[in-house]
Every structure is written in structure tokens, then in C-alpha cells.
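Here is a quick tour for anyone meeting this protein for the first time. Take a look at the sequence and the model, then read on.

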Amino acid sequence: MVDWIVLDSQPLHTVQSEAFRRFIYELDPAFTMPCQETVKNIIYKAFDYSFPQLKEMLSTQATSVSLTMDLWTARNRQGYLGVTCSYLDQFFKLREFTLDITYVRYPHTAIHIKDTLEGILNEWGLNEKVFTITTDNASNMKKCVQDIGVNHLGCTAHTLQLVVGKGMKPAEILIGRAKQLIDFFMRPKQSERLEEAQKNFSDLSDKLEREIALQNEEEENEQDEIIVNLIKYILKFIYNSIN
């Protein structure tokens with residue numbers, strides 16, 4: 001039960017659901033459903049048992065580690081820092097697990113992030129083993145890694161997202177108009193009228209499809225060239241960001 005709650009990120013109050021309790025009862029009438037407080041205690045005990053083992057594993061197996069960290073603001077307007085550790089063990093097998101997800105005091109400056117990260121590294125005994133840290137391209141995150149004095153690697157996915165976002169800027173007006181048109185025809189009344197028009201002018205619809213197919217064939221070569229140029233631009237942007 002607790003394994004399912006943890007692995008599938010289920011809320012703890014699931015065990016209080018009457019429908020869920022009836023479901024479990026149908027599967028096994030002899031099963032005693034734990035309360036929410038019991039589930040919490042089991043999770044705490046599991047953490048207290050696992051933490052020393054993971055710490056010992058890092059101490060004996062990892063000669064150097066790479067970190068990935070991200071900072072985000074939760075719904076309660078508080079900032080949280082997530083830190084993931086990865087390394088190769090003596091059998092060259094990739095090991096990866098989350099070190100911590102912890103609160104970062106406001107404002108989220110490089111100094112506050114650095115203090116939080118150093119506390120995590122001290123707790124795990126990894127101060128001298130960090131080889132590189134991967135983050136997004138936010139200035140506070142980059143400054144934090146720079147102040148710690150380890151290699152910084154910008155997240156490729158985040159860089160790609162920025163490139164695509166900038167590439168879509170010229171089409172923002174067209175995209176906005178397309179959304180307005182879709183919203184218009186998604187209304188029940190207009191949707192019925194559009195469906196009726198398609199039935200009444202079926203020949204026109206066939207002609208339009210043929211015209212679109214011909215136009216697509218003519219634009220295919222041009223689109224391929226645009227895609228190639230966009231890929232070249234993305235690769236160049238990523239290369240300049242890394243170097």
C-alpha cells in the first residue's frame with residue numbers, strides 16, 4: 001500500500017476515501033486499511049532506514065558525481081530546490097537518485113540557492129565529489145554554480161525551448177488569429193453551422209482538399225529547407241551557449 005502511494009505519487013488522504021476502502025475490502029476483506037498518520041510514520045521510518053545506506057553507497061562507490069538541479073515556485077508561493085545526483089559505479093552502471101527537494105528562502109538569489117545547495121552537499125558528504133552541475137539558463141542558477149566553483153552545464157532542453165520560442169515570435173499574430181478562429185467554431189451554434197455547410201457543399205470540400213494537397217507538394221521542398229536552416233540555427237545557438 002505505502003509503496004504504491006510513494007511510487008505513484010498518490011496523496012496520503014487516499015486511504016481515507018470511502019470508495020477506495022470499499023474497493024480494497026472487495027479485494028481482501030481481511031486487510032486493515034492504515035490511517036493517514038500511520039502511512040506517514042511508515043514513510044518516515046523508511047527514509048531513516050534508507051538514508052544511511054544511500055550515503056554509504058555514495059561514499060564507497062562514487063569517486064565523482066554530477067548534479068542536476070532546478071528551482072521552482074510552488075502554489076503556496078514558496079521556492080523549492082530539487083537536486084538529483086548521478087554517477088557511475090565500479091561496474092560502470094549509471095546510478096541516479098534525488099538528494100533532496102527543499103525550501104529556498106526568498107529572495108531566490110544566487111547566495112540563498114548556494115547556501116541551500118551547500119547544506120545538501122554537507123548532509124550527503126559530497127562537497128569534494130561534485131564534477132559538474134546542470135541547470136537551466138537562469139542567471140541566479142548560473143551564478144550559484146560559478147560561486148561554488150564547479151563546472152556548469154546548461155540544460156539542452158531549456159536552451160532548445162528558448163530557441164523555438166524565439167523562432168515562433170514572428171508567427172505570434174498568426175497563431176493568435178488561428179486560436180480565435182478555432183474558438184469561434186468550437187461554439188455549439190457555429191460548430192453546427194460548419195457541419196451543415198460541409199454537408200451541403202461536399203464537392204467544395206473535395207476541391208479544397210485537392211488544392212491543399214497540391215499546395216503542400218509545392219511547399220514541401222521549401223519547408224525542408226526551412227527546417228534544415230532552423231536546425232543549423234539551434235545547433236549554433238547551443239554551441240555558443242556551452243562555449
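What share of the contacts in the protein with a separation of 6 or more comes from residues 24 or more positions apart? The figure is 45%. Keep in mind that this is a predicted model.

## The overall layout

The protein has 9 helices and 5 strands.

Now for the surface. Out of 243 residues, 22% count as buried. The accessible surface is about 18100 Å², and carbon and sulfur atoms hold 56% of that.

## Inside the cores

The largest nonpolar core is made of 26 residues. Leu-58, Val-65, Leu-67, Met-69 and Leu-99 have the most contacts inside it. Several elements give two or more residues to this core: helix H3 (36–61), strands S1 (65–73), S2 (79–88) and S3 (94–104), helix H4 (110–124), strand S4 (130–135) and helix H5 (139–148). H4 provides the largest share, with 6 residues.

Let's zoom in on Leu-99. Setting aside neighbours within four places in sequence, Leu-99 touches Leu-58, Leu-67, Val-83, Thr-84, Cys-85, Ile-120, Trp-124 and Leu-126. Another core lies apart from the largest one; this other core has 7 residues, including Val-2, Val-15, Ile-24 and Val-39.

## Rings that meet

The protein has 5 aromatic pairs. One of them joins Trp-4 and Phe-20, which are stacked, with 5.5 Å from centre to centre and 15° between the planes. Trp-4 sits in helix H1 (residues 2–7) and Phe-20 in helix H2 (residues 18–27), so this pair ties together parts 16 residues apart in sequence.

Tyr-80 and Tyr-103 make an edge-to-face pair, because their ring centres are 6.3 Å apart and their planes stand at 70°. Here too, distant parts of the chain are linked: Tyr-80 belongs to strand S2 and Tyr-103 to strand S3, 23 residues apart. Tyr-80 is partly exposed at 22% relative accessibility, and Tyr-103 is partly exposed at 41%.

Finally, there is an aromatic cluster to look for: Phe-47, Phe-51, Phe-97 and Trp-124 form it together.

How values were computed. Residues numbered from 1 in each chain as written. Predicted model: local features only at pLDDT ≥ 70, side-chain atom pairs only at ≥ 80, totals over all residues. Heavy atoms only, no water. Helix = DSSP H or I, 4+ residues; strand = E, 2+ residues; numbered from the N terminus. Buried < 20%, exposed > 50% of the residue type's maximum accessible area, 1.4 Å probe, protein only. Contact = heavy atoms within 4.5 Å. Areas by Shrake-Rupley, 256 points an atom, 1.4 Å probe, with all protein chains shown as cover. Core = buried A, V, L, I, M, F, W, Y, C linked by side-chain atoms within 4.5 Å. Phe/Tyr/Trp six-rings, centres within 6.5 Å; stacked < 30°, edge-to-face > 60°.
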